[in-house]
Amino acid sequence: SGPIKTFSYNVTMRDAPDDQMINIGVSQKGGHVVWMLNNRAVNENKFDMDKAKKAGRDYLEKHGYMNMEDTYYLKHDNTATINYAYRQNEVTIYPDLIKVKVALDTGEIVGIEAKTYLSNHTEREIPQPKISAEEARKRINERLELHGSGLAIIPTDYKKEKFCYEFKGKLNDNDFIVYINAETGEEEDILMIVNTPNGVLTM
């Protein structure tokens, strides 16, 4: 049940322990892997995050998911769950998101969650911004020390999308992302970036 109808499988690998299972959901339409989870034990941490991110990106490209950019990640029990967002014409499309779980002992992909991507992905007609980046910059706190900016499409609570300028910066030793609507100049969202020992998250 759910927005994407799936067939669910419990898979046992050859020569694997009896209690090691892989759970897979495959969409009834199109035969896409909607989610997969391999519950094998991961007892070592040999891969740094750059290698883990590359392993996830290589896996996605191998399975036809091109132009995916890593955004945030969380490390837990010697695995890293990495969020990848789609990029179209230098615009980050956050509604088209795939989560990939990488085992940090071998770099094996032990999990994927693609429901959000499969539900939302399409080639969009991205308009030209109606205000310039400089005009958008004037709409945010001038004390924010910028260290990055770009264009992005973000989801809303009402299942719609907003075309925005994305400004990344620091204020009072805290990292923030501010989204200014590229068509109206309105502030759409502010996220606080939290750097923890286990990953980079947003609040």
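**Entry 1: ground rules**

I am working with a predicted model, so local features need pLDDT of at least 70 and side-chain atom pairs count only at pLDDT 80 or more, while totals for chains, interfaces and linings use all residues. Residues are numbered from 1 along each chain as its sequence is written, and side-chain values use heavy atoms, with hydrogens and water left out.

**Entry 2: the whole chain**

I counted three helices and twelve strands in the protein chain. Helices (H or I, at least four residues) and strands (E, at least two) are DSSP runs, numbered from the N terminus. Along the principal axes, the C-alpha atoms fill a box of roughly 60 × 40 × 25 Å. Of the 203 residues, 39% count as buried; buried means under 20% relative accessible area, exposed over 50%, and partly exposed in between (1.4 Å probe, protein chains only). I also looked at contacts (heavy atoms within 4.5 Å). Among contacts with a separation of 6 or more, 45% join residues 24 or more positions apart.

**Entry 3: the second largest pocket**

Back to my opening question, with the term spelled out. On a 1 Å grid over the protein atoms alone, a pocket is an open set of points where a 1.4 Å probe fits, with protein on both sides within 12 Å along at least five of seven lines; lining residues have an atom within 4 Å of a point. Points are joined across faces, edges and corners, and the volume is the space filled by probe spheres set on them.

I found 22 residues lining the second largest pocket, with Y72, Y94, E166, K168 and I177 nearest its centre. Strand 4, strand 6, strand 8, strand 9, strand 10 (174–181) and strand 11 each give two or more residues to this lining. Strand 8 gives the largest share, five residues. By class, the lining has seven nonpolar, eight polar and seven charged residues. Here Ala, Val, Leu, Ile, Met, Phe, Trp, Tyr, Cys and Pro count as nonpolar, Asp, Glu, Lys and Arg as charged, and the others, Gly among them, as polar.

**Entry 4: the largest pocket**

The largest pocket has a volume of about 720 Å³. Its lining holds 27 residues, and Y94, P95, L97, T116 and P155 are the closest to its centre. Twelve of the lining residues are nonpolar, seven polar and eight charged. Elements that supply at least two lining residues include helix 2 (115–120) and strand 6 (91–103).

**Entry 5: aromatic pairs**

How many aromatic pairs does the structure hold? I found three. Rings of Phe, Tyr and Trp (its six-membered ring) pair if their centres lie within 6.5 Å; planes under 30 degrees apart are stacked, over 60 edge-to-face, and the rest tilted.

Y94 and Y179 pair edge-to-face, at 6.4 Å centre to centre and 85 degrees between the planes. This pair links distant parts of the chain, since Y94 is in strand 6 and Y179 in strand 10, 85 residues apart. Y94 is buried at 14% relative accessible area, and Y179 is buried at 3%. The pair of Y165 and F167 is stacked, because the ring centres are 6.2 Å apart and the planes stand at 25 degrees. Both Y165 and F167 are buried.

**Entry 6: two positive phi angles**

N67, which is not a glycine, has a positive phi near 60 degrees. N67 sits in the loop between helix 1 (49–62) and strand 4 and is partly exposed at 47% relative accessibility. K159 also has a positive phi, about 60 degrees, without being a glycine. K159 lies in the loop between strand 8 and strand 9. Is K159 buried or exposed? At 82% relative accessibility, K159 counts as exposed.
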